[in-house]
Amino acid sequence: MNHSNLFIFNSEKRDVVKLTVRLAWFGLPFLLAALFILIIDPFDFFEAAGVIPDEIKRPIAMQLNPPLWKLNRFEKDPKEFILLGDSRMAPLETEVIKEVSGEDYANLGYGGASVREIIETFWIIVKKTPPKKVFIGVNLEKYNDYEVTNRVSSYAAIHENPAIYFVDHGVWEAAYYNIRGYWGKAKFTLGTPNMTREEFWQEDLKTWGLYYKKYAEPKKYRQDLLEISKYCRKNGIELKFIIFPAHIDAQKLITDAGFQTQNEALHRDLTACGDVYDFNWANDLTENENNFLDPVHVNQETRRVIITEVWKNDLKYGKLLFYAPQ
Amino acid sequence: MLFNSIHFLIFFPIVTAVYFLLPHRFRWAWLLGASCYFYMVFKPVYVLILAFTILIDYVAGIWIEKSEGEKRKWFLVASIFANIGVLAFFKYYNFLDESLQNLVDTLGLGIPTPPLLKILLPIGLSFHTFQSLSYTIEVYRRKTPAEHHLGIFALYVMFYPQLVAGPIERPQNVIHQFKERHYFEYERVKLGLQLMMWGMFKKVVIADRLASFVNVAYNDVHSYTGISLILATVFFAFQIYCDFSGYSDIALGSAQVMGFRLMLNFDRPYFAKSISEFWKRWHISLSTWFRDYLYISLGGSRVSRPRWYFNLFFTFLISGLWHGANWTYVIWGALNGFYLIAEMQWQGVVENFKSRAETGFQRFALNLVLVLFTFSLTCFAWIFFRANTVGDAFYVVRHLFDGLTTLPADVFSMPFVKLRIMLGKDKWDFILAWAGIAFLLFTHYLQRGTSGRTILNRQKIAVRWAFYFALVSAILFGGAFNESQQFIYFQF
């Protein structure tokens with residue numbers, strides 16, 4: 001063997017070159033894939049390139065992985081007033097709340113959120129900045145150990161190790177829709193159901209009724225919420241809950257399923273953690289279909305009513321159940 | 001440092017590149033420095049414990065070699081005492097203290113016991129202690145000369161690929177390799193990288209995905225019964241195999257890239273047709289360590305039958321204790337010892353069946369039954385290995401078959417399937433978990449007569465590259481990066 005410089009032999013040098021070239025070719029597609037994600041950046045994680053405009057990115061991100069979008073924003077612009085919950089909390093307008101109360105909220109409500117996601121989000125935000133006030137929206141269907149969806153874990157993993165962003169399925173899916181939206185100008189929208197409002201209403205009621213067929217006693221969630229409550233008391237954080245109104249038809253699903261006991265347990269468990277604003281009872285608001293988009297989601301006017309009642313403490317349709325530690 | 005981390009992705013090419021660029025006489029020092037760094041990433045101060053055992057065994061080795069008669073024995077005893085002493089203090093002190101406290105409480109003696117200590121188990125302590133011990137024992141048995149170069153000896157104990165989770169090497173297999181000059185050879189490096197890639201696949205695609213199911217059930221066993229516990233246990237069997245053999249593959253592969261040959265640690269253990277065969281295929285470096293240094297020292301099989309049984313049982317009991325300071329591991333070890341003794345009783349029956357199997361199909365069916373039976377016994381033992389407490393383990397055993405009679409009807413209920421079979425996880429995770437197991441078993445089946453790498457390297461370059469792309473893509477896009485990333489055996 002002939003000696004080359006750097007203490008390696010010429011034959012070795014040839015092998016080194018061969019391996020380096022092959023590894024480079026092998027790695028090239030993966031490198032290009034990473035570059036693609038970096039350029040599209042569907043969740044604005046790196047904010048490296050502004051190729052795709054926000055109006056395309058935002059609806060896609062909010063549909064596919066709202067925790068990743070919202071927590072990433074929160075990370076860059078943390079707030080001391082927090083809203084946590086599911087699709088009933090998500091559309092509450094923070095500007096309106098600010099007008100009413102003067103408090104600047106971050107709305108970390110996610111469509112389809114489970115209580116698991118709410119709990120994990122809470123622990124992420126307190127690590128970032130200690131909040132002053134936290135509102136959590138919880139209804140019976142989701143206060144259910146069966147509901148274990150957890151998209152927040154993907155945010156946590158990506159935050160811990162940004163390399164995961166390049167291989168996350170949701171990021172790739174969002175990147176695909178971003179490209180379609182940008183070049184194909186295809187709008188990313190939820191399909192409009194091909195049925196009348198009444199048919200959709202009945203169909204939706206069936207879907208919500210399924211929650212009571214897939215119900216597991218929320219032992220874990222109860223413990224986790226108590227832990228949050230304890231933490232809030234210790235750290236001077238105001239913790240409040242909102243039980244959002246559902247139309248009387250959806251409320252009837254609870255009695256039809258024989259879940260009155262579980263519903264009482266929900267109220268008991270939440271008041272054991274903090275004050276509760278309960279809008280989910282039979283009254284003028286919940287008996288009028290016009291106040292709702294579907295059996296469980298209120299329209300914009302009703303959202304304003306809720307905001308006024310909660311943040312102005314001007315209760316008409318809401319009942320305030322006081323904190324009652326057990 | 002974890003093999004499945006970005007840190008290692010940077011560490012490995014740098015260490016390897018510099019290793020080959022350095023003159024041979026400096027390479028050991030570079031590897032030793034890199035190994036120290038690798039270990040100190042976990043908790044820097046514990047490198048001092050390693051330094052202590054290295055110094056003790058280095059001196060003991062030289063003194064054992066120089067001395068004769070009783071003196072040799074005493075130096076060996078001193079080395080064993082020092083090594084086991086460190087292990088006992090860090091790993092077993094609190095366990096023994098708690099057990100003593102429980103005993104005192106049960107008997108109502110009211111005697112104060114020593115206080116528990118707030119000590120953290122140094123990572124991989126059991127592994128490098130045993131590796132170091134094998135050196136002094138081999139020197140004592142005159143099977144290997146004492147190593148006079150402290151740096152080389154330190155490297156033998158600390159060589160980073162196998163430092164924290166083995167394979168537990170023997171000095172005669174490794175020490176001489178540190179003195180040989182290794183050349184950069186494309187073919188060898190390629191083989192090493194292939195093995196690393198396969199190990200990484202097993203760890204992040206199969207083991208880490210299965211871990212998420214196993215943890216749900218085993219961290220809250222009282223919420224589950226029947227099929228959920230059976231599935232979690234079967235998943236754990238594959239999780240621990242892929243986790244540990246994946247680690248071993250990365251260790252062997254990264255050593256091979258630099259030109260080192262480490263011993264094989266796993267040989268498709270779930271294809272074993274008996275428990276004794278399983279232990280020849282599972283964690284081979286530890287099994288042979290216990291065989292060579294404990295079982296044979298106790299007399300092995302060249303003693304009366306009751307003593308032989310005792311030797312077997314005791315060896316497995318200690319093997320269980322080696323794994324962890326918890327009664328669950330002791331029971332796991334005892335159970336395996338019991339299996340082996342029981343197997344000796346039914347061996348005649350099995351042989352009888354084997355001799356009667358005439359057609360290929362009959363032999364296949366018999367082998368399949370034996371493989372499944374062995375796997376079932378192994379899974380039953382894994383319950384004790386995985387359970388957090390003995391109480392949890394016995395709960396699992398008691399409720400393992402609950403609700404199986406109503407299972408055919410239950411599988412039509414979505415909540416049952418989601419909560420009890422998929423353990424609340426996403427259906428794609430569940431499908432990928434099974435797909436991973438199926439792929440693993442398929443590749444193992446292909447490797448009946450020859451290694452997977454031999455089969456792969458016989459293929460055309462296009463096939464090989466397609467396989468590499470598929471494997472790396474599966475690792476990157478199918479890896480369960482949100483789940484547990486620590487290797488199970490690091491805790492030992």
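A residue is termed buried if 20 or more other C-beta atoms lie within 10 Å of its own, exposed if 12 or fewer do, and partly exposed in between, with the C-beta atoms placed from the backbone. The structure is a predicted model, in which local features need pLDDT of at least 70 and side-chain atom pairs count only at pLDDT 80 or more, while totals for chains, interfaces and linings use all residues. Residues are numbered from 1 along each chain as its sequence is written, and chains are lettered from A and ligands numbered from 1 in the order in which they are written.

**Figure 1. B:Asp208 in helix 9 of chain B.** B:Asp208 has its place in helix 9 of chain B; helices are DSSP runs of H or I with at least four residues, strands are runs of E with at least two, and both are numbered from the N terminus. B:Asp208 counts as buried because it has 24 C-beta neighbours inside 10 Å. The C-alpha atom of B:Asp208 is separated by 18 Å from that of B:Ala387, which is 179 residues away along the chain.

**Figure 2. Helix 19 of chain B and its two sides.** Helix 19 of chain B covers residues 427–446, and its 20 residues should span 28 Å at 1.5 Å a residue, which agrees with the 29 Å between its end C-alpha atoms. The expected span is 1.5 Å times one less than the number of residues in the helix. The buried residues of this helix are B:Ala433, B:Gly436, B:Ile437 and B:Leu440. They lie on the same side of helix 19 of chain B, because they cover an arc of only 90° around the axis; the arc is that of the directions from the helix axis to the C-beta atoms. Exposed residues on the other side of helix 19 of chain B include B:Trp428, B:Trp434, B:Phe442 and B:Tyr445. The buried residues of helix 19 pack against helix 9 and helix 10 (226–257) of chain B.

**Figure 3. The contact between chain A and chain B.** Chain B contributes 20 residues to the contact and chain A contributes 22 residues, where two residues are in contact if their C-beta atoms, placed from the backbone, lie within 7 Å. On the side of chain B that touches chain A, two or more residues come from each of helix 1 (6–21), helix 9 (186–218), helix 18 (414–421) and helix 21 (461–478) of chain B. Helix 18 of chain B gives the most to this side, with four residues. By type, the residues on this side of chain B are 16 nonpolar, two polar and two charged. Ala, Val, Leu, Ile, Met, Phe, Trp, Tyr, Cys and Pro count as nonpolar, Asp, Glu, Lys and Arg as charged, and the others, Gly among them, as polar.

**Figure 4. Strand 1 and strand 2 of chain A.** Strand 1 (residues 81–85) and strand 2 of chain A run parallel and are joined by five bridges; two strands pair if DSSP finds at least two bridges between them. A:Phe81 has A:Tyr105 in strand 2 as its bridge partner. From strand 1 of chain A the chain crosses through helix 4 (residues 94–101) to strand 2, in a right-handed β-α-β crossover. A crossover is right-handed if, with the strands pointing away from the viewer, the path from the first strand over the helix to the second runs clockwise. In a regular strand the side chains alternate between the two faces of the sheet. In strand 2 of chain A, A:Tyr105, A:Asn107 and A:Gly109 are buried on one side, and A:Ala106 and A:Leu108 are buried on the other.

Figure 5. The buried residues of helix 9 (residues 219–234) of chain A are A:Tyr221, A:Arg222, A:Leu225, A:Ile228 and A:Cys232. These residues fall within an arc of 125° seen down the axis, so they line one face of helix 9 of chain A. The face turned away from them carries the exposed residues A:Lys219, A:Gln223 and A:Lys234. Among the packing partners of the buried residues are strand 3 and strand 4 of chain A. Strand 3 (residues 133–137) and strand 4 (residues 238–243) of chain A pair in the parallel sense over five bridges, with A:Val134 opposite A:Leu239.
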